[in-house]
Amino acid sequence: MNSYERLLENNKSWAGEKIKVDPGFFDRLVNVQKPDFLWIGCSDSRVPPDQITQTQPGEIFIHRNIANMVIHTDLNVLSVLEYSVNVLKVNHIIVCGHYGCGGVKAAFQQHSLGLINKWLRNIKDVYRFHQDEIRAIPNEEGRLNKLIELNVKEQLMNVAKTSIVQKAWKDREAPHLHGWVYDLHDGIIKPIFEMRAGEHFDPLYEFDNL
Ligand code: CO
């Protein structure tokens with residue numbers, strides 16, 4: 001059997017098992033999705049959002065890219081954000097990074113890696129904003145972990161800086177924003193930063209005419 005065929009076989013048995021346990025499972029999801037969460041995470045195969053949070057189809061709207069970035073010129077993440085906030089009306093947005101992130105590691109060194117340099121440059125900027133705090137940590141792994149945490153915080157702030165989220169805060173006092181880091185060593189998610197809907201941050205980024 002080819003490796004990909006296993007996926008199709010697994011899918012059949014998964015669907016069969018779902019129906020057996022709950023005959024209405026698929027019927028309920030066919031015409032509607034009403035997730036309460038938007039998850040912005042890393043593409044890393046070791047950090048599958050549904051599995052590590054034990055959530056079911058229909059519960060989490062998901063966007064993943066290298067190093068869980070929220071970049072203001074990225075139409076992909078902005079489209080996901082706008083749709084989930086304005087149409088699905090999610091009440092919580094989670095930016096989840098993870099320790100040992102290859103994307104952050106790649107940004108934390110000096111080799112040119114081609115096209116991805118442009119993506120990783122945003123992480124280098126996070127380092128530059130926080131370099132005093134990061135440099136104060138005595139070991140390499142600690143510095144990398146700190147950059148991973150600060151990157152989650154910065155990307156969460158980038159979510160808050162959008163007119164999409166600020167308008168929703170004004171109109172319906174949601175969504176709340178959560179910055180998490182997943183640990184590959186023990187499978188545990190550590191919450192590191194939170195912004196309640198409407199929370200003030202840097203006034204320069206807060207629109208006054210929404
Ligand atoms: Co990663």
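The model is predicted, with local features requiring pLDDT of at least 70 and side-chain atom pairs counted only at pLDDT 80 or more, whereas totals for chains, interfaces and linings use all residues. Residues are numbered from 1 along each chain as its sequence is written, and side-chain values use heavy atoms, without hydrogens and water.

Cys42 in strand β1 and His98 in strand β3 are 56 residues apart, and the pair links distant parts of the chain. Strands (E, at least two residues) and helices (H or I, at least four) are DSSP runs numbered from the N terminus. Cys42 is buried at a relative accessible area of 7%, and His98 is buried at 0%. Buried denotes under 20% relative accessible area, exposed over 50%, and partly exposed in between (1.4 Å probe, protein chains only).

The largest nonpolar core contains 43 residues, of which Ile93 and Val159 touch the most other members. Elements giving two or more residues to this core include β1 (37-42), β3 (92-98) and α8 (140-160); α8 gives the most, with 9 residues. A nonpolar core is a set of buried Ala, Val, Leu, Ile, Met, Phe, Trp, Tyr and Cys residues joined through side-chain atoms within 4.5 Å. A second, separate core of 6 residues includes Val47, Ile60, Ile94 and Cys96.
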